[in-house]
Amino acid sequence: MSIGAGGIRPCSLAFGADQFDNPNNPNNGRILQSFFNWYYATVGVSVLISVTVIVYIQTQFGWVIGFAVPTGLMFLATIFFLLGSTIFIKIKENKSLFTNFVQVIVVAWKNKHLALPPVDSNGWYHHDKGSRITFPTHKLRFLNKACIIRNPEKDLDTNPWNLCTIQQVEEFKSLLKVLPIWSTGIMIAVTLSQHAFPVLQANTMDRHLIKGHNFQIPASSYSAFGVITLTLWLALYDRVLVPWISRVTRKPRGLSFKQRMGLGLLLSCAAQAVAALVERERRSRALKQGLADHPLSQVDMSSTWLVPQHCLTGLAEAFNAIGQIEFYYSQFPKSMASIGVALFSLGMGFGNLVGSLIVEIVDHASSRKGKVSWVSNNLNIGHYDYYYWVLCLLSIGNFLYFILCAWAYGSDEDNRIIWEEAEKKGEIVML
């Protein structure tokens, strides 16, 4: 499943964007934003179906049928993809991205003793014929040594392990420059990966939809409220708010990439704070009702208390995730589109690992000297509210770190335009 997801997630979004991306269209940025919004909204609908319909099938008819249904759906998706393959816009790759990056590092190291030419010195840097990019940027200048022409009569006939193009150097720079901002997405991924604990909380609360009726909302289905919020917000933002905000900000996308990412990080802080307050109330009621040693007994408290934290998490994801994806897509040349999208998935993967590490650290630190762990299996004697406060404080620190990274990065305007001329030759790289 991991190998399959690793192939689909980074590529499907970039591949879909290729079907709509037309730099010559003055509304291209707005069109791509709509595509990203609706793509993520579609993913939200899919997750909503999985945490409601599929979960219901699993609980009512067993795990065999529960796994068979999504297997059948994936098979149908494969068939539909193959049927439509003849009408897709497909860009062929012809060189390796990793090889290019290694070449830049190796050649820059070989030329470390060379002095950089004067600023904007014509003819000192190697570039592709027909490219309008004839000078490398001044950021990360030490990498510019990889494309310095030492001997015009000999260097241009050597292999790329001795001389790189400006295009290669700038592609590598574009990846290095976004890494600090990318790292700010790890912490929000930690908060988005908190699926297990809200399920444990919901199991101890009154999950009846209507009092007096037997039907109870499955504990694992409460994340649907976050997905519903995400989906509805994306539709509202794309169709209603962006046209209005764009008139104020004079930007076709409404808010900038970094503004949306920052709002998402702030909302994730609020979501963890609300989760901590709700858990404190739930635990207090459980202790008052004498349920300290009965963790599986239901507390006289409606599980609807969990809805606000899920809604805030959904809003945080809607702002930050889409902002990240658009930001990466805009800062890389078209040849690196799938790499940009892959960074988001990679950040989510790191977030899950860091989340597990935080739980281990909290468990170890809070259970010293025979004390009850904050993340004990018994929620009523543990302190999951303290754990949520830890995540809230870490999220606040991450938001401040994001502000620093965003300031250091500079403008987040769409940089893909400067690459279009350089890529007229159809030079596309592969991962």
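This is a predicted model: local features need pLDDT of at least 70, side-chain atom pairs count only at pLDDT 80 or more; totals for chains, interfaces and linings use all residues.
Trainee: What does the chain contain in terms of helices and strands?

Mentor: The chain has 13 helices and 2 strands. Of its 431 residues, 46% are buried. Among contacts between residues at least 6 apart in sequence, 77% join residues at least 24 apart.

Trainee: Why are helix 5 and helix 10 called roughly antiparallel?

Mentor: Two packed helices are described by the angle between their axes and the distance between the axes. Helix 5 covers residues 166-183 and helix 10 covers residues 307-331; their axes cross at roughly 165° and come within 10 Å. Angles over 145 degrees count as roughly antiparallel. Helix 5 and helix 10 are therefore roughly antiparallel to each other. The crossing of helix 5 past helix 10 is right-handed.

Trainee: Which residues make the contact of helix 5 with helix 10?

Mentor: Helix 5 contributes Ser174, Val178, Ile181 and Trp182, while helix 10 contributes Phe327, Tyr328 and Gln331. By class, this contact of helix 5 with helix 10 has 5 nonpolar residues, 2 polar residues and no charged residues.

Trainee: What makes helix 7 roughly antiparallel to helix 12?

Mentor: Helix 7 and helix 12 pack at an angle of about 150°, and their axes are 12 Å apart. The cut-off for roughly antiparallel is an angle over 145 degrees, so helix 7 is roughly antiparallel to helix 12. Helix 7 passes helix 12 in a left-handed crossing. On the side of helix 7 the contact is made by Phe197, Pro198, Leu200 and Gln201, and on the side of helix 12 by Tyr384, Tyr387 and Tyr388. The classes in the contact of helix 7 with helix 12 are 6 nonpolar, 1 polar and no charged residues.

Trainee: Why is leucine 200 called partly exposed?

Mentor: Leucine 200 has a relative accessible area of 34%. Buried means under 20% and exposed means over 50%, with partly exposed in between. Leucine 200 is therefore partly exposed. Leucine 200 lies in helix 7, residues 196-203. Not counting residues up to four places away in sequence, leucine 200 touches Leu379 and Tyr384. The C-alpha atoms of leucine 200 and asparagine 377 are separated by 9.0 Å, although these residues are 177 residues apart along the chain.

Trainee: How do you know whether phenylalanine 172 is buried or exposed?

Mentor: The relative accessibility of phenylalanine 172 is 10%. Since buried means under 20%, phenylalanine 172 counts as buried. Phenylalanine 172 is in helix 5. Leaving aside neighbours within four places in sequence, phenylalanine 172 is in contact with Phe101, Val104, Ile105 and Leu143. Phenylalanine 172 and valine 102 are 70 residues apart in sequence, and their C-alpha atoms are 9.3 Å apart in space.

Trainee: What makes threonine 229 count as buried?

Mentor: Threonine 229 has 18% relative accessibility, and buried means under 20%. Threonine 229 therefore counts as buried. Its place is in helix 8, residues 223-249. Threonine 229 is in contact with Cys311 and Leu315, leaving aside neighbours within four places in sequence.

Trainee: What is remarked upon in the phi of leucine 140 and of lysine 369?

Mentor: Most residues other than glycine have a negative phi. Leucine 140, which is not a glycine, has a positive phi of about 50°. Leucine 140 is found in the loop between helix 4 (97-110) and helix 5. Lysine 369, also a residue other than glycine, has a positive phi near 55°. Lysine 369 is found in the loop between helix 11 (337-366) and helix 12 (384-409).

Trainee: How do you know which accessibility class each of these two residues belongs to?

Mentor: Leucine 140, at 28% relative accessibility, counts as partly exposed, because that class lies between 20% and 50%. Lysine 369 has a relative accessible area of 84%. Exposed means over 50%, so lysine 369 is exposed.

Technical notes:
Residues are numbered from 1 along each chain as its sequence is written. Side-chain values use heavy atoms; hydrogens and water are left out. Axes are lines fitted to C-alpha atoms, for helices over the stretch in contact, and angles run from 0 to 180 degrees between N-to-C directions. Helices (H or I, at least four residues) and strands (E, at least two) are DSSP runs, numbered from the N terminus. Angles under 35 degrees count as roughly parallel, over 145 as roughly antiparallel, 65 to 115 as roughly perpendicular and the rest as oblique. A crossing is left-handed if the near helix is turned anticlockwise from the far one by less than a right angle, and right-handed if clockwise. Contact means heavy atoms within 4.5 Å. Ala, Val, Leu, Ile, Met, Phe, Trp, Tyr, Cys and Pro count as nonpolar, Asp, Glu, Lys and Arg as charged, and the others, Gly among them, as polar. Buried means under 20% relative accessible area, exposed over 50%, partly exposed in between (1.4 Å probe, protein chains only).
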